[in-house]
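Hello,

Here is the structure I promised to pass on. Please open it first, then read the notes below.

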Amino acid sequence: MHVFYTPDILSDSELPSEEAGHCVRVLRLNVGDEVTLTDGKGYFYKAAISAATSKRCQVRIIEQIFQEPLWKGHLHIAMAPTKMMDRIEWFAEKATEIGIDEITFLNCRYSERKVIKTERVEKIVVSAVKQSLKARKPVINEMTDFNKFINQDFKGDKFIAHCNEGEKVLLKDAIVPGNDALILIGPEGDFSIEEVEMAIEKGFKPVSLGKSRLRTETAALVAVHTMNMLNAE
């Protein structure tokens, strides 16, 4: 089943240009053919193509279908981006397939990458949403300074995963199923001691992801999988 991402479908019956091109030029669908759409906000739509050219495609909605949430709570990962973009993109794709609500990129003291363009990440996330048949697209936030981020309000449980010495519990034992959860994941050089201390002062609980030493994107994905499994409906 081919799914097309149409975030404004209720106000605009025309598919976004890239989706229209894939629908008409690649799949060679035409007027009268039925398609499946998602707005990324919790709904699928059965629709029929009402007009099509080489660059444009309009549809007529036949049925609106609500997808019940696949997990409980709002699951949010805030991570320092890796030096190589392909590793960031890999994480975003796999996290979307597993199930996540929000991803924020953090500018930390030891961050290997200080600037990130999220346009490519957004495209990969949209593709993963369609491939995994999800009706909700994760929010992708721009790079945010660590200090500024930890001072923002978050209604839920807050955790920081780090490798420094100190008392920590396993994330799987710290998660409360059904609660909103935010987890901070540091860069390859880890969070600085000062960053960990500041986060703890702001209510973040130190957690461990296990005994293995993990790359940043692997640690973030382990956190996503742990949160998702414990919050699965």
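Which residues does Asp 180 touch, leaving out those up to four places away in sequence? They are Gly 73, His 74, Phe 154, Lys 155, Gly 156 and Asp 157. Bear in mind that this is a predicted model.

**Around Asp 180**

Asp 180 sits in the loop between helix 5 (171-174) and strand 10 (181-185). Its relative accessible area is 28%, so Asp 180 is partly exposed. One of its contacts deserves a look. A polar atom of the Asp 180 side chain lies 2.8 Å from the backbone nitrogen of His 74. Asp 180 and Val 207 are 27 residues apart in sequence, and their C-alpha atoms are 16 Å apart in space.

**The chain as a whole**

Now step back. The protein chain has seven helices and eleven strands. Its C-alpha trace spans about 65 × 35 × 30 Å along the principal axes. There are 233 residues, and 46% of them count as buried. Take the contacts with a separation of 6 or more: 74% of these join residues 24 or more positions apart.

**The cores**

In soluble globular proteins, nonpolar side chains tend to be buried together. Here the largest nonpolar core has 31 residues. Ile 77, Phe 91 and Ile 185 have the most contacts inside this core. Several elements give two or more residues to the core, among them strand 5 (75-79), helix 2 (85-98), strand 6 (102-107), helix 3 (119-131) and strand 8 (157-161). Helix 5, strand 10 and helix 7 (216-230) are also on that list. Helix 7 gives the largest share, six residues.

What does Ile 77 contact, beyond its neighbours within four places in sequence? Its partners include Phe 91 and Ile 185. Ile 100, Glu 102, Ile 103 and Thr 104 are also among them.

**Helix 1 and what follows**

In helix 1 (17-26), the residues Glu 19, Ala 20, Gly 21, Cys 23 and Val 24 are buried. What covers them includes strand 1 (3-5), strand 2, strand 3 (43-52), strand 4 (57-66) and helix 3.

Just after helix 1 comes Arg 28, with a positive phi of about 60°. Most residues other than glycine have a negative phi. Arg 28 is not a glycine. Arg 28 lies in the loop between helix 1 and strand 2 (34-38). Is Arg 28 buried or exposed? Its relative accessibility is 68%, so Arg 28 counts as exposed.

**Aromatic rings**

The structure holds three aromatic pairs. In one, the rings of Tyr 43 and Tyr 45 have their centres 6.3 Å apart. Their planes are at 35°, so this pair is tilted. Tyr 43 is partly exposed, at 28% relative accessibility. Tyr 45 is buried, with a relative accessible area of 0%. Ring pairs also bring in Phe 66, which forms a cluster with Tyr 43 and Tyr 45.

**The largest pocket**

The largest pocket has a volume of about 370 Å³. Its lining has 19 residues. Nearest its centre are His 162, Cys 163, Asp 190, Leu 214 and Ala 219. Strand 11 (205-208) and helix 7 are the elements that give two or more residues to the lining.

Asp 190 comes up again for its backbone. Its phi is near 70°, a positive value in a residue other than glycine. Asp 190 is in the loop between strand 10 and helix 6 (193-201). At 11% relative accessibility, Asp 190 counts as buried.

One more residue, from strand 11: Ser 208. Its relative accessible area is 19%, and the cut-off for buried is under 20%. Ser 208 is therefore buried. Setting aside residues up to four places away in sequence, Ser 208 touches Lys 168, Val 169, Leu 170 and Leu 171.

Over to you.

Best wishes

Key. Residues are numbered from 1 along each chain as its sequence is written. This is a predicted model: local features need pLDDT of at least 70, side-chain atom pairs count only at pLDDT 80 or more; totals for chains, interfaces and linings use all residues. Side-chain values use heavy atoms; hydrogens and water are left out. Helices (H or I, at least four residues) and strands (E, at least two) are DSSP runs, numbered from the N terminus. Buried means under 20% relative accessible area, exposed over 50%, partly exposed in between (1.4 Å probe, protein chains only). Contact means heavy atoms within 4.5 Å. A polar contact is a pair of N or O atoms within 3.5 Å; within protein, one must be able to donate a hydrogen and the other to accept it, and residues adjacent in sequence count only if both atoms are side-chain atoms. A nonpolar core is a set of buried Ala, Val, Leu, Ile, Met, Phe, Trp, Tyr and Cys residues joined through side-chain atoms within 4.5 Å. Rings of Phe, Tyr and Trp (its six-membered ring) pair if their centres lie within 6.5 Å; planes under 30 degrees apart count as stacked, over 60 as edge-to-face and the rest as tilted. On a 1 Å grid over the protein atoms alone, a cavity is a set of points where a 1.4 Å probe fits but cannot get out, and a pocket is an open set with protein on both sides within 12 Å along at least five of seven lines; lining residues have an atom within 4 Å of a point. Grid points are joined across faces, edges and corners, and a volume is the space filled by probe spheres set on the points.
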